[in-house]
Amino acid sequence: MRTHPGRLAPLLTALLAACLPAGCGAEPAATAGGPPGPTGPTGPTGPTGVAIADHVTGLGATTDLAFLPDGRLVIVEKAGAVKLRAIDGTVTTAGSFPVDTGSEKGLLGVAVDPAFATTGRLFFYYSRATAAGGTDLDRHRVASVRLGAGGTLDAASEQVLVSGLRGPANHDGGALAIGPDGHLYVGVGDTGCNSGQPPGAATPPTNYFATCLTNGNGKILRVALDGSIPADNPLAGVTAVAACADTCGGAPGGTAPARQDLWAWGFRNPWRFTFDPQTGLLWVGDVGEVTYEEVTVVRKGRHHGWPWREGAAGWPVSKCAEIAGAGPGEACVEPAYTCRHGAAAGGVDGDCQSITGGVFLPAPRWPAPLVGRYLFADNATRRLWTLDVNAARDGVVPGSRREVTRLPAGQAPVSLRVGPDGDVYAAILPGKVVRISPGP
């Protein structure tokens with residue numbers, strides 16, 4: 001597999017640094033932070049009037065978080081541990097998963113059953129260790145596990161909902177979210193194998209997985225909460241689609257039955273996503289190759305460009321029409337927002353390198369100028385920005401990006417979640433959670 005060191009180095013450096021002090025298998029004692037303030041433990045606020053404070057510190061390599069209905073916070077770590085922060089701030093270990101931690105793999109995502117009060121069910125995205133039965137052809141899986149009344153995971157209750165996801169190295173995805181339809185959405189990366197060059201006729205793809213319809217890599221998946229296939233999935237019952245080759249470098253050839261849990265395709269690494277509470281549309285941050293990062297509004301049953309396009313550049317949008325799903329192929333879905341690596345140019349914002357998909361700032365917690373804006377981050381440049389959403393809430397207002405803050409060196413924001421209080425909570429590598437609140 002070919003990786004691109006310039007793209008992966010900042011994130012991997014943070015991950016490795018998190019393992020060095022005590023060894024990757026050690027579990028450091030976690031502590032809870034106090035209330036947020038304009039000059040909290042992480043330093044002064046940024047120019048847009050937010051306050052940032054440590055919420056939980058002393059964690060392992062923190063990858064994701066989710067709130068339970070009673071306000072407790074579930075935190076997952078790359079090495080497989082699941083931590084639980086109680087209302088009083090105490091932090092305990094609820095359980096762990098046997099994970100492969102090579103490259104970007106590990107325990108990568110968590111979501112909470114909307115009926116948690118009845119089911120006690122949590123959903124996890126993890127890279128299963130070889131010793132526990134994982135293989136490079138079946139590395140990543142999504143499973144539900146019940147959290148017992150005592151705050152520990154019931155390992156015997158694990159139910160695998162999604163499997164058969166390749167994971168030889170990087171671009172592993174890990175996004176999980178429950179949609180307004182009550183189904184579980186899953187973001188899966190394309191496995192890497194990329195060229196390290198901008199897409200275009202001069203640089204044909206070196207990884208076609210995202211553009212074929214018989215595997216789950218480079219896709220957004222959708223399943224019911226029991227793992228069954230919703231009848232309205234775009235490829236449910238479709239028996240002849242563009243088939244994947246056995247290796248990433250093999251172009252699609254021939255036809256075969258579609259993978260039934262596919263919802264949308266043409267993604268490189270849909271690392272984090274969220275549903276707009278006003279429209280129900282799914283907004284995803286898709287990590288780019290060497291030129292652009294993307295925020296994309298996902299369209300059911302459509303091709304979103306990769307590996308033919310990066311940002312709004314590359315092959316013609318008509319290239320995506322060569323891959324047909326349940327009907328004739330259609331042009332590539334263009335991103336709602338693109339951001340360049342390096343300096344801004346040509347009317348496109350700059351200073352991006354590895355996007356972390358964001359959240360929408362809610363009322364009444366946030367002041368009117370910020371309510372409804374999309375807050376996202378970059379885990380390599382450590383910046384957080386907001387974007388103004390257009391009237392239809394299916395795109396962004398050009399030129400509306402505003403910087404919220406830049407985190408100190410060595411702190412990588414890898415997940416953003418809105419808490420029950422309306423504040424935004426961010427998982428920060430190498431090992432803590434911070435709380436982002438409106439400033440004074």
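I began with arginine 268, whose charged end sits over the ring of tryptophan 306, 5.8 Å from its centre; I count a charge as sitting over a ring if NZ of Lys or CZ of Arg is within 6 Å of the ring centre and within 35 degrees of the ring normal. I then looked up lysine 319, which lies over the face of tryptophan 308 at 4.7 Å from the ring centre.

I note here that this is a predicted model, in which local features need pLDDT of at least 70 and side-chain atom pairs count only at pLDDT 80 or more, while totals for chains, interfaces and linings use all residues. Residues are numbered from 1 along each chain as its sequence is written, and side-chain values use heavy atoms, with hydrogens and water left out.

**Overall make-up**

I find two helices and 30 strands in the protein, where helices (H or I, at least four residues) and strands (E, at least two) are DSSP runs numbered from the N terminus. Of the 440 residues, 59% count as buried; buried means under 20% relative accessible area, exposed over 50%, and partly exposed in between, with a 1.4 Å probe and protein chains only. Among contacts (heavy atoms within 4.5 Å) between residues at least 6 apart in sequence, 60% join residues at least 24 apart.

**Aromatic pairs**

I searched the whole structure for aromatic pairs and recorded 13; rings of Phe, Tyr and Trp (its six-membered ring) pair if their centres lie within 6.5 Å, and planes under 30 degrees apart count as stacked, over 60 as edge-to-face and the rest as tilted. One of them joins tyrosine 185 and tryptophan 263 edge-to-face, at 5.6 Å centre to centre and with 90° between the planes. Because tyrosine 185 lies in strand E12 (residues 184-188) and tryptophan 263 in strand E16 (residues 262-265), this pair ties together parts that are 78 residues apart in sequence. Tyrosine 185 is buried at a relative accessible area of 4%, and tryptophan 263 is buried at 11%.

Tyrosine 185 also forms an edge-to-face pair with phenylalanine 275, at 5.0 Å centre to centre and 75° between the planes. Phenylalanine 275 is in strand E17, so this pair with tyrosine 185 of strand E12 ties together parts 90 residues apart in sequence. I list phenylalanine 275 as buried too, with a relative accessible area of 14%. Elsewhere I noted one aromatic cluster formed by Trp283, Tyr337, Phe360, Tyr374, Phe376 and Trp385.

**Pocket and cavities**

Rolling a probe the size of a water molecule over the atoms shows where empty space is left. On a 1 Å grid over the protein atoms alone, a cavity is a set of points where a 1.4 Å probe fits but cannot get out, and a pocket is an open set with protein on both sides within 12 Å along at least five of seven lines; lining residues have an atom within 4 Å of a point. Grid points are joined across faces, edges and corners, and a volume is the space filled by probe spheres set on the points.

The largest pocket has a volume of about 940 Å³. I counted 37 lining residues for this pocket, with Ile178, Thr274, Phe275, Arg417 and Val418 nearest its centre. Among the strands that each supply at least two residues of its lining are strand E11 (175-178), strand E17 (270-275) and strand E28 (412-418). By class, the lining of the largest pocket divides into 23 nonpolar, nine polar and five charged residues; Ala, Val, Leu, Ile, Met, Phe, Trp, Tyr, Cys and Pro count as nonpolar, Asp, Glu, Lys and Arg as charged, and the others, Gly among them, as polar.

Of the 14 residues that line the second largest cavity, the closest to its centre are Ser195, Pro205, Thr206, Trp306 and Pro307. Its lining has seven nonpolar, seven polar and no charged residues.

**Single residues**

Valine 295 lies in strand E19 and counts as buried at 0% relative accessibility. Leaving aside neighbours within four places in sequence, valine 295 is in contact with residues including Trp283, Tyr337 and Tyr374.

Proline 364, in the loop between E24 and strand E25 (374-378), counts as exposed at 80% relative accessibility.
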